[in-house]
Amino acid sequence: MFDKVEAFYRPANVREALRLLQSGKGQARVVAGGTDVVVDGDDSVRFLIDITHAGLSYIRRRGTASVIGATTTMAELEASPQIQSLAGGLLCKAAHSCGSMPIRNLATLGGNMANGSPAADMATPLLVLDAAVVMADAKGRRRLPLAEYLGNARSNRYARSLVVEIVIPDPPRGKGCRWSFQKLGRTAVDISLVNVSAGLHLDSRGRVKWVRIALGSVAPAPMRAPGAEQRMTGRILDQALLAEIGAEVAREVSPISDARASAEYRREICSVLTRRALEECSAPAGCSL
Amino acid sequence: MFGSRGVFAMKTMELHLTVNGQSLNWSIAPGELLLDVLRRQGYFGVKRGCEKGECGACAVLVDGKPINSCLMFAAQAEGRHVLTIEGVAIDGKLDPVQEAFLDHGAVQCGFCTPGMVISAKALLDRRPDPTEDEVREALAGHLCRCTGYLKPVEAVLAAASKRKNRARRVKPLTEVSR
Ligand SMILES: Cc1cc2nc3c(=O)[nH]c(=O)nc-3n(C[C@H](O)[C@H](O)[C@H](O)COP(=O)(O)OP(=O)(O)OC[C@H]3O[C@@H](n4cnc5c(N)ncnc54)[C@H](O)[C@@H]3O)c2cc1C
Ligand code: FES
Ligand code: FES
């Protein structure tokens with residue numbers, strides 16, 4: 001593996017990293033935690049560019065948003081008081097589910113997005129939080145909605161770009177706001193068969209004011225469930241509505257069968273986990289995140 | 001992996017790092033993994049298992065944190081402190097975690113043991129008084145095909161209370177000296 005690698009670079013900033021990526025002419029690979037790069041074991045790689053020294057490990061506030069640098073690890077996210085207090089700790093719970101401790105000490109948020117896996121566990125909570133991705137390439141920086149980025153992450157559209165940071169606008173907060181992350185994996189430290197994130201804001205009369213539902217590992221990229229969200233808005237969340245929404249998400253997803261699970265099973269699990277997520281969000285004691 | 005297709009084609013680079021307190025300077029291939037380099041240098045306590053991050057047999061501490069050395073490029077260890085199982089005992093005296101693994105029969109073939117001990121040590125350094133859940137959580141990335149998980153969990157909890165008792169025994173003294 002990696003026998004053809006001629007050079008290992010440790011650029012000290014984004015500009016240098018981009019220059020190296022450009023001059024690698026498609027044979028360079030960005031490495032952050034390396035947990036996907038190494039397992040992929042792409043034999044054609046000739047240059048490795050380690051971006052963990054490029055100044056992208058940070059968790060900050062900027063205006064009314066939280067900003068997370070691309071090379072921030074899952075372990076750092078879990079331990080951050082700022083992330084613990086954002087959306088009831090939704091991102092901490094998701095980061096905590098990303099493999100074992102030795103994996104979470106390496107795995108980065110940017111790598112999780114850039115790898116473009118439909119099962120990436122950080123994608124659904126970030127979709128629920130209306131996150132955006134800041135990209136950098138030779139022409140400069142630009143910001144795009146996470147859903148748009150994820151839809152193209154596996155194409156080579158961003159091959160000469162870096163994910164710089166993830167921006168999370170402050171979500172609705174207050175008594176009626178609840179959050180949930182649900183994941184079903186083979187073991188506690190495995191990637192998801194299906195994962196579901198939800199955010200729910202109920203008004204004082206218990207009607208749905210705002211809702212987000214996102215599902216992972218059930219379509220080519222992690223996705224929102226707009227049909228289900230629309231059906232819920234303005235209604236009281238009771239058992240009948242839960243059943244209706246469970247059925248609706250099962251219609252909206254397009255899972256495949258693979259070594260981990262069949263498409264039919266995944267579709268069923270979408271309903272179950274979505275109901276569980278909404279139940280957790282609407283439980284009187286609140287979200288137990 | 002190293003040199004099997006002719007060393008002449010392989011570019012090399014320098015790696016400066018500290019392993020078990022010893023400052024070292026190695027020549028590596030830029031695409032080599034930390035696991036391969038450590039084993040080539042004789043740290044055979046770092047086990048080669050799945051090579052996919054699943055089993056934890058290759059775990060070492062880098063700057064005090066457990067990582068899977070099969071997933072880290074050796075070049076990423078530049079300037080960092082690596083602790084392998086060979087460096088856990090000090091002057092021939094076993095670490096309380098190692099003693100507890102022996103006392104509790106948590107070792108059979110021993111293949112998973114270095115990784116488990118390394119992760120357990122990192123946990124106890126960070127949280128001297130962990131709950132059983134925290135111990136299970138810390139060992140979750142380590143597969144054992146012989147002993148199972150009950151004995152290792154017991155051993156880590158026992159090591160924690162032993163370290164605590166030791167600390168308690170010296171506590172009055174430190175209080176007096178303040
Ligand atoms: C045993 C094991 C268990 C795992 N469990 C989970 C799990 O439960 N949930 C989950 O979601 N994932 C899991 N993963 C997958 C992986 O750990 C995550 O996707 C991780 O977040 C990847 O981050 P990384 O920094 O290691 O990425 P890397 O491997 O360094 O990079 C991944 C890809 O993204 C590119 N890249 C990285 N950073 C950037 C950037 N800033 N800009 C542009 N491109 C970039 C790389 O070139 C590469 O193509 C697991 C992996 C293993 C080996
Ligand atoms: S050999 Fe590294 S985790 Fe299995
Ligand atoms: S003791 Fe043999 S694998 Fe754990």
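What percentage of the 178 residues in chain B is buried? Select chain B and colour by accessibility: buried residues make up 48% of the 178. Buried here means under 20% relative accessible area, with exposed over 50% and partly exposed in between, using a 1.4 Å probe and protein chains only.

**Before moving on**

This is a predicted model, in which local features need pLDDT of at least 70, side-chain atom pairs count only at pLDDT 80 or more, and totals for chains, interfaces and linings use all residues. Residues are numbered from 1 along each chain as its sequence is written, chains are lettered from A and ligands numbered from 1 in the order in which they are written, and side-chain values use heavy atoms, leaving out hydrogens and water.

**Stop 1: confidence**

For the complex, the predictor gives an ipTM of 0.93 and a pTM of 0.94. Now colour chain B by pLDDT, the predictor's confidence in each residue from 0 to 100. The average is 91, and 88% of the residues of chain B score at least 70.

Select residues 1-8 of chain B. Here pLDDT stays under 50, and the model has 12 contacts beyond four places in sequence. A contact means heavy atoms within 4.5 Å.

**Stop 2: the fold of chain B**

Switch to cartoon. Chain B has 5 helices and 5 strands. These are DSSP runs, numbered from the N terminus: helices are H or I with at least four residues, strands E with at least two. Trace chain B from the N terminus: the order is β-β-α-β-β-β-α-α-α-α. Of the contacts in chain B between residues at least 6 apart in sequence, 54% join residues at least 24 apart.

Show the surface. Chain B exposes about 8,800 Å², with carbon and sulfur atoms supplying 53% of that area. The area comes from the Shrake-Rupley method with a 1.4 Å probe.

**Stop 3: the domains of chain A**

Colour chain A in three parts: domain 1 (2-50), domain 2 (59-169) and domain 3 (177-284). The bounds come from an automatic or database domain assignment.

Keep domains 2 and 3 of chain A. Their centres, taken over C-alpha atoms, are 20 Å apart. In this pairing, 23 residues of domain 2 are in contact with 28 residues of domain 3. The two domains bury about 1,800 Å² between them, 63% of it on carbon and sulfur atoms. Buried area is the accessible area (1.4 Å probe) that two parts lose on being put together, summed over both.

Select A:Pro118, A:Thr124 and A:Val128. They supply 32% of the area that domain 2 of chain A buries against domain 3, more than any other three residues.

**Last stop: salt bridges**

Domains 2 and 3 of chain A have 3 salt bridges between them. A salt bridge puts a side-chain nitrogen of Lys or Arg within 4 Å of a carboxyl oxygen of Asp or Glu. Finish on A:Arg212 and A:Asp130, which form a salt bridge with their closest N and O atoms 3.0 Å apart.
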